[in-house]
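Have a look at the fold below before reading on. Then follow the text from one region to the next.

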Amino acid sequence: MHIWVDADACPLVIKEILYRAAERAQVHMTLVANRLLGTPRSPWIKALQVARGFDVADNEIAKRLAPGDLVITADIPLAADVVARGGHAINPRGELYTPENIRERLAARDFMEKLRETGVQTGGPAPLDNADRKRFADQLDRFLAKLK
């Protein structure tokens, strides 16, 4: 099992939780981004810089994904692709995407996108708070505990 992180938009606090978890569980993790990332020195953690462009990091993760891998992403289309390929996906707020909930998330995303295209101001997500961080850490711990 490998952890892939859609790192361009992943909050630093979530990356820090992931660094500690990868070390503790001794699970390989790769952060994929279109900019150079600094990561802790560790045999378990590495960064992969990809070219700039729309969905380049997402496409690289999808290309390298193996069934059973975990992807950390807020990108719902990427999460849907991961789930369809037999992987697992968690967003930075701690929501585990599953075959049961991913279609609903995609539909809601598409609906909001259509609203924005018509000029409706939908606003963005609320800032990440302590409850989100805890929810993410707890979800990640539950996921990694199942691997043992």
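What follows is a walk through a predicted model, taking helices, loops and pockets in turn.

Start with helix H1, which covers residues 12–25. H1 has 14 residues. From its first C-alpha to its last, H1 reaches 20 Å, close to the 20 Å expected at 1.5 Å a residue. Ile14, Lys15, Ile17, Leu18, Tyr19, Ala21 and Ala22 are the buried residues of H1. Note that a lysine, Lys15, is in that list. What covers these buried residues? The cover includes four strands, S1 (2–6), S2 (28–33), S3 (45–49) and S4 (70–72). Helix H5 (130–147) is also part of the cover.

Now step off the end of H1. Gln26 comes just after the helix, in the loop between H1 and S2. The phi of Gln26 is positive, near 55°, and the residue is not a glycine. Is Gln26 buried or exposed? Gln26 counts as exposed because its relative accessibility is 52%, and the cut-off for exposed is over 50%.

The loop between S2 and S3 holds Asn34. Here the picture is one of burial. Asn34 counts as buried because its relative accessibility is 18%, and buried means under 20%. Which residues does Asn34 touch, not counting those up to four places away in sequence? They are Asp8, Gln49, Val50, Ala51, Arg52 and Gly53.

Move on to the loop between S3 and H2, where Asp55 has its place. Asp55 is another residue other than glycine with a positive phi, in this case near 65°. Its relative accessibility is 28%, so Asp55 counts as partly exposed.

Next comes the loop between S4 and H3, the place of Thr73. Thr73 is buried because its relative accessible area is 1%. The side chain of Thr73 has two polar partners to look at. One is the side chain of Asp6, in a polar contact at 2.9 Å. The other is the backbone nitrogen of Asp75, reached by the Thr73 side chain at 2.9 Å. Leaving aside neighbours within four places in sequence, Thr73 is in contact with Asp6, Leu78, Ala79, Ile90, Asn91, Pro92 and Tyr97.

Asp75 has a contact of its own. At the start of H3, a side-chain oxygen of Asp75 reaches to within 2.7 Å of the backbone nitrogen of Leu78. Follow H3 along from there. Its buried residues are Ile76, Leu78, Ala79, Ala80, Val82 and Val83. Gly86 follows H3, with a positive phi near 90°.

Turn to the open space in the model. Rolling a probe the size of a water molecule over the atoms shows where empty space is left. How much space lies in the largest pocket? The figure is about 770 Å³. Its lining has 34 residues, and Ala74, Asp75, Ile76, Tyr97 and Pro125 lie nearest the centre. Helix H2 (56–64) and helix H4 (102–117) are the elements that give two or more residues to this lining. H4 gives the most, with 5 residues. By type, the lining divides into 17 nonpolar, 7 polar and 10 charged residues.

The second largest pocket has a volume of about 180 Å³. It is lined by 12 residues. Nearest its centre lie Asp55, Asp58, Asp75, Pro77 and Leu78. H2 and helix H3 (76–84) are the elements that give two or more residues to this lining. Which of them gives the largest share? H3 does, with 4 residues. The lining of this pocket divides into 6 nonpolar, 1 polar and 5 charged residues.

Finish in helix H5, where Ala131 is found. Ala131 has a relative accessible area of 42%, so it is partly exposed. Ala131 and Arg93 are 38 residues apart in sequence. In space, their C-alpha atoms are 8.4 Å apart.

Technical notes:
Residues numbered from 1 in each chain as written. Predicted model: local features only at pLDDT ≥ 70, side-chain atom pairs only at ≥ 80, totals over all residues. Heavy atoms only, no water. 1 Å grid on protein atoms, 1.4 Å probe; cavity = no way out; pocket = protein on both sides within 12 Å on 5 of 7 lines; lining within 4 Å. Points joined across faces, edges and corners; volume = space filled by probe spheres on them. Nonpolar A, V, L, I, M, F, W, Y, C, P; charged D, E, K, R; others polar. Buried < 20%, exposed > 50% of the residue type's maximum accessible area, 1.4 Å probe, protein only. Polar contact = N/O pair within 3.5 Å; in protein donor to acceptor, adjacent residues only side chain to side chain. Expected span 1.5 Å × (residues − 1). Contact = heavy atoms within 4.5 Å.
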